[in-house]
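Here's a quick tour for anyone meeting this structure for the first time. Have a look at it below, then read on for charged pairs, rings and helix packing.

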Amino acid sequence: MVKTLHDACLTCVQNRLDKIPDVGRRLPNIHKEILLERLVNHDILTERYFKAVQKYLFVDNLRCVTLYKSNQLTDAMLKTLGERCPNIHQLTIHMCTNITDTGIKAVTKPQKELVVLELRKLSTFTGKGLELLKSPKLKSLNLRGCNAVTNEAVETVTRNNPTISHLIIYDCGQLAPQLFAYIAKTLKHNLEEIDGCPRPMSDENITALARFCPNLKRLNLLGSSKLTGNALLELSQGCIRMESLDLSYCYGLQEPPDNEFLWTLPTSLTYLSLCGVMLSDEALLVETLQRLKHLKSVRLCGVPALNDKTLPKILEHLGGSLEEIDISGSRVLTDEGLASVAKYCTILRELDLSICKMLTGRTLLPLLQDTERAPLLKKAFFSVQKIEEEVLTALAENCHNLEKFDAAGMETLTDQLLCTMAVNCPRLMHVGIKGCKQVTDAGVCEIARRCPLKYLVLSGIQAITDKTVFTVSNHCHNLEEIYLNGCLNVSSTTVNYLIDSCLPRVYVQHKTPNLDSEHIMGKNIDTGEFCRLNLPQ
């Protein structure tokens, strides 16, 4: 993959914004939005450069603004953005350490066309900065990870913006349980999704949802350990349009009589997660899932009742409609039960078998070798020690639309297999091969040259060197995350080159105990490859 002419031109403008005459008049709005995001990503938003930014990029018809992980962004800059751009539709401010309520208030107050607002992981933001936000079009509010946000702030913003349909308040500190009921009573029929339930979830909150939010479609109750069966029944009866429900680690639903209310789940569900629910009643699990005829995605990670007997019974009824299956973490499931996936699943797009110690994957071959079904598979999580090489080869040869592949710790994974995957899976964006001991630069470089990688995990692979990082730098220009922990032959100099070469802000993990402090890199003029120089002592 090479950088497009479009991206190369934008990079040139990005670095010379203050020197190109009247550049603002020549740029369409979409390019102004892209340039602003990249200036932030590459820490070019200095006080001096900001004069050119506000002159050429801050215009009143700017629609989408994304500001990610900047230590340069200030409240004063946000004030200028708000004054010059009062018609923003989508605003994202994520992990910008210097931003406070003052800046958020200045940029949100003028907005009357705002539809999507994401304020994520802002450590000093309390929510008070949203007290003047009143956008009649606001549909989505995401405050994920803003630990200092108060109950009063959430109450105020929902009261002033009753059109909100998607609310994310996950990991927002110690929000009071009663806040959840207040949100339900305030947003009422407009609320379609809420993520970030109080711990513990009370029956009063569930009752409020069931009574006031009949259009609720997506609800995340992950970790609501004291959720009762009666509350689940009320939810099922009140929210009959529910499409997505996450009951992961809801331990209160493990034993009778509360677990019996799983039979009452809305039949409209297309997504259900029971991960971590230690449900041992096999008949209950089978009957609960068999009645959910519209289910497209099911996650059963670590559920004890899932075994070689129950999985075929479930898939016999649902296999034809299921697109995503997570059966990871099973200690008892064998290839005999896994055969039902190949037998009944006709439109599978995602399969997670991680940490299923008894599986070799052999019985998946009929699916992976099927010329009609194999190309449908887009995500494969096969971190299983016993998975056979023949299975991985079939995956690499036939799943041409594969986008995510995870095979952490697999000793059967080789460079040859990665090369095969690089040729046959041109859409691969997510590769996780942590601790795969047979992998070297050769296999990873081939993947990097041919696939549009955005996420790459190479931690623990001792054979990986600077050659891989340079290849990724020069071919994977849209990379977003890379993990190199324990890769002792990768230097910090090369990592810095990678960060500068990519278009987004790249998240890098490169923890290497006892690594030499610095290395000098050079380019071999005969081969064109970068290598580490061995200087005379």
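## A first look

With a relative accessible area of 31%, Glu 243 is partly exposed (buried means under 20% relative accessible area, exposed over 50%, partly exposed in between, using a 1.4 Å probe and protein chains only). Keep in mind that this is a predicted model: local features need pLDDT of at least 70, side-chain atom pairs count only at pLDDT 80 or more, and totals for chains, interfaces and linings use all residues. Residues are numbered from 1 along each chain as its sequence is written, and side-chain values use heavy atoms, with hydrogens and water left out.

**Salt bridges**

- The structure holds 18 salt bridges (a side-chain nitrogen of Lys or Arg within 4 Å of a carboxyl oxygen of Asp or Glu).
- Glu 243 pairs up with Arg 218 in one of these salt bridges, their closest N and O atoms being 3.9 Å apart. This pair links distant parts of the chain, 25 residues apart: Glu 243 sits in the loop between helix H10 (229-238) and strand E8 (244-246), and Arg 218 in strand E7 (residues 218-220). Arg 218 counts as partly exposed too, at 25% relative accessibility.
- Helices and strands here are DSSP runs numbered from the N terminus (helices are H or I with at least four residues, strands are E with at least two).
- Asp 7 forms a salt bridge with Arg 38, and their closest N and O atoms are 2.7 Å apart. Asp 7 is in helix H1 (residues 5-15) and Arg 38 in helix H3 (residues 29-41), so this pair ties together parts 31 residues apart in sequence. Asp 7 is buried at 12% relative accessible area, and Arg 38 is buried at 10%.
- Glu 350 and Arg 299 make another salt bridge, with 3.2 Å between the closest N and O atoms. Since Glu 350 lies in strand E12 (residues 350-352) and Arg 299 in strand E10 (residues 297-299), the pair ties together parts that are 51 residues apart in sequence. Glu 350 counts as buried at 7%, and Arg 299 is buried at 16%.
- Arg 299 and Glu 350 also belong to one network with Glu 324, Asp 326 and Lys 379, joined by salt bridges that share partners.

**Aromatic rings**

- There are five aromatic pairs in the structure (rings of Phe, Tyr and Trp, its six-membered ring, with centres within 6.5 Å; planes under 30 degrees apart count as stacked, over 60 as edge-to-face and the rest as tilted).
- Phe 50 and Phe 58 have ring centres 5.6 Å apart and planes at 75°, so they pair edge-to-face. Phe 50 is buried at 7% relative accessible area, and Phe 58 is buried at 7%.
- Tyr 455, Tyr 483 and Tyr 507 make up one aromatic cluster.

**Helix packing**

- Helix H4 (residues 47-56) packs with helix H5 (residues 75-84) at an angle of about 5°, their axes 12 Å apart (axes are lines fitted to C-alpha atoms, for helices over the stretch in contact, and angles run from 0 to 180 degrees between N-to-C directions). That makes H4 roughly parallel to H5 (angles under 35 degrees count as roughly parallel, over 145 as roughly antiparallel, 65 to 115 as roughly perpendicular and the rest as oblique).
- From H4, Glu 47, Phe 50 and Gln 54 meet Met 77, Thr 80 and Arg 84 in H5 (contact means heavy atoms within 4.5 Å).
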